[in-house]
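Please look over the structure below before reading the notes.

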Amino acid sequence: MSGILTYALHYQGAFNKNSLGAVSEGAKLAAELGGEAAAVVVGGDDLTDELCASLGRYGASKVYRVRGPEGLAQPVVDAMAKVIQEHGYDYALFGGGLLGFEVGAGLSARLRAGVVMEVTEVKVQDGRLVATRPVLQDSALVDSGYVGSPGIVIGRLNAFDAVERNGAAAQVIDVDVEFQPHSQKARMVKRGEQRGADINIEDAEIIVAGGRGLGQPEGFKMLEELAELMGGAVAATRAVVDAGWYPYSAQIGQTGKTVAPKLYLAAGISGAIQHKVGMQNSENIVAINKDPNAPIFEFCDLGVVGDLHKIVPKLIEALRARRNGGA
Ligand SMILES: Cc1cc2nc3c(=O)[nH]c(=O)nc-3n(C[C@H](O)[C@H](O)[C@H](O)COP(=O)(O)OP(=O)(O)OC[C@H]3O[C@@H](n4cnc5c(N)ncnc54)[C@H](O)[C@@H]3O)c2cc1C
């Protein structure tokens with residue numbers, strides 16, 4: 001059976017948006033290829049028949065349900081390798097995100113399959129998939145085809161839209177997978193992506209963003225307080241996300257989210273091009289930076305040259321006073 005297999009990550013009874021994007025994209029491409037769109041899910045009792053079958057709305061006709069630890073890469077590699085080997089899917093497709101990268105890379109090694117990462121577009125040419133990915137800091141695009149089968153496509157985060165297709169409920173098929181000994185050596189301690197997920201920064205009208213200028217992770221407490229007083233959300237640069245100061249779900253920029261709020265307040269952010277591309281469409285950009293030559297001053301609407309550790313507490317104080325009926 002030719003077709004496309006995707007992986008759908010779920011948490012607390014809902015599928016992750018990137019995964020739904022991958023399922024939708026897989027269904028669209030499978031239809032063009034004349035093949036089948038299917039998904040693999042791995043998890044516990046919360047993977048009900050109803051939840052699994054709901055992937056039919058995004059175009060999956062079959063859902064292979066594997067009982068095992070959720071949210072970890074290697075058990076998913078075992079599950080997808082088994083389904084691909086038994087059912088002969090031509091491609092595996094993943095939404096972006098760290099787990100998708102990890103599973104896709106592991107699957108590629110396991111099946112000796114070709115893999116293209118950070119893919120932003122996939123098309124069908126001569127009956128085969130061709131994946132497009134940006135290179136050289138997004139200054140050029142490269143098309144890659146696949147030699148042999150399966151081919152593995154790993155999308156860039158949010159590259160594929162989750163499109164409801166009014167499809168019929170997917171057929172749910174239980175699969176027993178014997179996990180490799182090394183696949184059982186990791187265990188989930190904490191799901192970090194949930195922190196900060198209560199406010200959707202993509203929809204927020206006010207964003208208070210922090211960068212390395214905060215000096216230490218605790219600096220974000222101050223920004224959270226400021227954002228709360230302003231009715232906004234907190235975002236971050238890649239430098240601080242990579243340093244583990246703030247969750248990836250809040251990263252703005254080329255490899256994070258793209259936002260366009262009414263107000264984007266950037267504190268201790270240099271304004272590198274990779275950050276700028278994610279926030280340049282904001283209606284008003286206010287920057288606080290102690291370096292008058294910081295690139296962010298070239299494109300902000302209001303620039304404040306100074307130490308954020310002095311300015312942000314003053315802002316908080318003023319907003320608090322206003323809330324309490326003061327000035
Ligand atoms: C392929 C690629 C993709 C990338 N994707 C992204 C992305 O999606 N998002 C992203 O953000 N970056 C991305 N980057 C990284 C980007 O190039 C920058 O390194 C990053 O944005 C810098 O983050 P920053 O502004 O927090 O840190 P820095 O560049 O270190 O800037 C810190 C700023 O804080 C100021 N500062 C220091 N102390 C204070 C103080 N007390 N008060 C006020 N100001 C102070 C400094 O003057 C400085 O301007 C990417 C890079 C590459 C190569």
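**Briefing: helices, cores and ligand shell**

Helix α4 (residues 98–111) has 14 residues and reaches 20 Å from its first C-alpha to its last, close to the 20 Å expected at 1.5 Å a residue. The expected span is 1.5 Å times one less than the number of residues. This is a predicted model, in which local features need pLDDT of at least 70 and side-chain atom pairs count only at pLDDT 80 or more, while totals for chains, interfaces and linings use all residues. Residues are numbered from 1 along each chain as its sequence is written. Helices (H or I, at least four residues) and strands (E, at least two) are DSSP runs, numbered from the N terminus.

**Helix α4**
- L99, G100, V103, G104, L107 and S108 are buried in α4; a residue is buried if 20 or more other C-beta atoms, placed from the backbone, lie within 10 Å of its own, exposed if 12 or fewer, and partly exposed in between.
- These residues are on the same side of α4 because they cover an arc of only 160 degrees around the axis, taken from the directions from the helix axis to the C-beta atoms.
- L98 and A109 are exposed on the other side of α4.
- The buried residues of α4 pack against β1 (3–7), α1 (17–33), α3 (73–87), β6 (91–94), β7 (114–119) and β11 (151–155).
- R112, which follows α4, has a positive phi, near 55 degrees.

**Helix α5**
- The end C-alpha atoms of α5 (residues 219–230) are 17 Å apart, which agrees with the 16 Å that its twelve residues should span at 1.5 Å a residue.
- G219, F220, L223, L226 and A227 are buried in α5.
- The buried residues of α5 fall within an arc of 115 degrees seen down the axis, so they line one face of the helix.
- They pack against β13 (206–210), β14 (233–236), β15 (263–267) and α8.

**Nonpolar cores**
- The largest nonpolar core has 57 residues; such a core is a set of buried Ala, Val, Leu, Ile, Met, Phe, Trp, Tyr and Cys residues joined through C-beta atoms within 7 Å.
- Its largest share, seven residues, comes from α3.
- A second, separate core of 36 residues includes L223, A250, A266 and L315.

**Ligand shell**
- Of the 29 residues around the ligand, G211, G213, R238, A239 and G253 come nearest; a residue counts if its C-beta atom, placed from the backbone, lies within 6 Å of the ligand.
- α6 (238–242), α7 (273–279), β16 (284–289) and α8 (308–323) each supply at least two residues of this shell.

Conventions:
Two residues are in contact if their C-beta atoms, placed from the backbone, lie within 7 Å.
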